[in-house]
Each structure stands twice: as C-alpha cells, then as structure tokens.
Amino acid sequence: MGKIAIYRYAALMFMVVQIVVTLFTISALFGGTVTPIGNTALAMLVYILPLLIIANLVMAAIWAIRRKWIITCIPLVTILMCVPYIGTMYQISFSNHDDVKNGLKISTYNVAAFGHETSGFMAQDILAEMKRQKVDVCCLQEYSENSNGERSTSASYQSYFPYKAMGRSDMAIFSRYPITASKAISFGQTNNSAMWADISVKGKKVRVFNVHMETTGFNRTLHVVAKQAMKGNHVEDNKIVKAIYDNYTLGMVVRAGQAELVASEMSQCKGIPRVICGDFNDVPYSYTYNTLLGDMVDGFKECGSGWMSTYRGSKSVRIDYIFHDEGLEGVNYYTTPLTYSDHLPVFMQLKL
C-alpha cells in the first residue's frame, strides 16, 4: 500500500511539473508580444525559453519511458509550438549561397570602439575583412573616430567606401553607393542611438536603418561586484541576483521605448524598400525583436544556416540582426569569426 501511495504521489508531482513547464513555455512564446512596461515577469520568460524547451524534452522522455503515451503528447505538442522560435537560432539550409550580380551586400558590426587602441590597426583589419567579403554597405555601432597622425579612420574607410553618413559620434554607415539623405535618431540621455541613410543602388533607392539598443547591464553588474570583491568587500548573493534582475528589467523597458521610436520612424518610410540592422542587445522573440521586425523578414530565418550566435561572451546568443522588407530577397546570411569585439559581424546578401 505504501509503495502505491508513493508511486501515485510521484506521478502527481510529475504531472504538476509538466503543467507548470507547459504553461511557462506557452507564456514565454507570447511574452515578446506585450510591452515589458508593467509586464516584466512575462517578458522575462522569453530569456529562459531555451531552458523551457529542454525541460519539455526531458519531460517527454520521462513520459515515454513510463509509457504514458497520451501524456507524452503534451510536451511534444508544446515543443512543436516552439519551432518558429527554434528557427530564429538554428536553420537547416540546402540552397546555394553564391554571391549574386546586381545585388547588395550589407554588414552590421558593433566594433566596440576598435578596442580603444590608438594605432589604427584594428580598424584597418576590420576594413580588410569588409573588402574580402565584398561588402557594399557597412553599418557600424560603437564607432570611434581615430587619428594616428596619418589618416583618420573615416578617411581610410572612404578609400573603399566613398560615401559615409554619421548618426551620433558612435554610429556610422559606410557605402560604396551614393548616400542621398540621412538622419540621426536620438534616444535621449543615453549612449545608444539609431540612424538611417537613403542609398541609391544603381538607380534603386534603399533606406538602411542602423540601430544600437540599450544594453542589458549584466556585464556591468558583474564588473561592479568583482571590483567590490577585489577591495575585500563581501556582496551577498541575493543582492547580486537582485542587481542583475533590476538591470535586466530596466534594460527591457528602455529598449522597448527605443524600439517603438525606431518602428515609428520606419513606418514613415513610404514606397522605399527598408533594411534594418544593428546591435539590438536582445534575444529573438523579445519585445524589441518583434517590434523592430514588424512585417519585415528576419534574414537569418530566410537564408541562414546552422547555429546563429553573434555575441562572443559567455552567453551564446543572437543579439545582432539584419531584417528587410518582403520586396527584397535574401540570398545569404552568415557571420565571420573576427575577435576584435565582443560581437561578431553579420553579413547578408540581398537581391534587389
């Protein structure tokens, strides 16, 4: 009798866990469709969605081992609902990714101020990579103008990209095609901003948006904790967790406002194909991602291949993106392993 009671209790606990995991997973899938302002708990679920998918896989295996076939369908159906999200991180592609004639190749790269080095070597090596990849339009975030006694960064880049548009001092768009108009988009009292430039590509105009959204503050929090530890000051674990959580939620709220501002600017662009790229500092399916994506196409989901991660830190995530209007067609989407920043450059080939 005791064994039966324990068995039933364990079965009940497994069922409760399954219900909780399923509800959390479905909530996470919709967490990025509501503003994090006033909904931070729901918005935060998006960040643990990969863990929830793994939890559903584990539960499916447990139910299958116990031969509870009907209940096994619950985590399996939940995982199927996550397929669109999984597609934002991993793609299987069988298409030929050769460069096309009369196309437009765009790159976005957070260059982290070229490492604040003064020789100019890092900036020149990044330029050499853009040449190797035959980039037509290069969007840089955390751009830094450097002069080492010879030519400035801007002047040396214009030897390959003869046209340039500046947003704020930390953002630039370089182009091999004429730039006919541009505009800086201020985010107020912050180090982040956005901009756009109209580029005339063989008689066809394309508006390219370059954005750099608010950071999560995760690394900054850990840096402060490490400094306190070096001074011999003890920081309680619960205070660290609270600081990280507060930074994440604050970052989500700030990015939400920035994304809405950029989306409003994009909606005013009528009759011109649009491309938006940059460092979103947010994961796929987040409110920032969905707001900036709108009715556009995620280039990686269209023509990417394999696992896509653009952040070189301890978190293997995709936070740098290139989206485009449906009137354009993506041919290729990839990164290269440059080590000059905590980000990787993203490249996309477009057919016009």
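In the predicted model, Arg274 and Asp325 form a salt bridge in which the closest N and O atoms are 2.8 Å apart; a salt bridge here is a side-chain nitrogen of Lys or Arg within 4 Å of a carboxyl oxygen of Asp or Glu. Arg274 lies in strand S9 and Asp325 in the loop between strand S12 (320-324) and strand S13 (329-335), so the pair ties together parts that are 51 residues apart in sequence. Asp325 is buried, its relative accessible area being 13%, and Arg274 counts as buried at 12%. Buried means under 20% relative accessible area, exposed over 50%, and partly exposed in between, with a 1.4 Å probe and protein chains only.

Arg274 also meets the side chain of Asp295 in a salt bridge, at 3.5 Å from N to O. Asp295 is in the loop between H10 and strand S10 (297-298) and Arg274 in strand S9, so this pair ties together parts 21 residues apart in sequence. Asp295 counts as exposed, with 55% relative accessibility.

The search of the whole structure finds eight salt bridges. One of them joins Asp282 to Arg255, with the closest N and O atoms 2.9 Å apart. Asp282 lies in the loop between strand S9 (274-279) and helix H10 (287-293), and Arg255 in helix H9 (residues 237-267), so the pair ties together parts that are 27 residues apart in sequence. Asp282 counts as buried at 4% relative accessibility, and Arg255 is buried at 0%.

The chain has eleven helices and 14 strands; helices (H or I, at least four residues) and strands (E, at least two) are DSSP runs, numbered from the N terminus. Six strands form an open sheet in the order S4-S5-S3-S2-S14-S13, with mixed pairing. Strand S4 (163-166) and S13 stand at the edges with a single partner strand each, so one side of each is left without a neighbour in the sheet. Neighbouring strands of this sheet are turned against each other by 15° on average, direction ignored. S4 pairs with strand S5 (residues 171-175) in the antiparallel sense over four bridges, where pairing requires at least two DSSP bridges between two strands. The bridge partner of Ala165 in S5 is Ile173.

Helix H6 (residues 121-132) packs on the sheet and touches strand S2 (103-110), strand S3 (137-141) and strand S14 (346-351). The direction of H6 makes about 155° with that of S2; axes are lines fitted to C-alpha atoms, for helices over the stretch in contact, and angles run from 0 to 180 degrees between N-to-C directions.

Of the 352 residues of the chain, 49% count as buried. Contacts (heavy atoms within 4.5 Å) with a separation of 6 or more are accounted for to 69% by residues 24 or more positions apart. The accessible surface of the chain comes to about 17000 Å², 61% of which belongs to carbon and sulfur atoms; accessible areas come from the Shrake-Rupley method with a 1.4 Å probe, and for residues only the protein chains shown count as cover.

Residues are numbered from 1 along each chain as its sequence is written, and side-chain values use heavy atoms, with hydrogens and water left out. As the model is predicted, local features need pLDDT of at least 70 and side-chain atom pairs count only at pLDDT 80 or more, while totals for chains, interfaces and linings use all residues.
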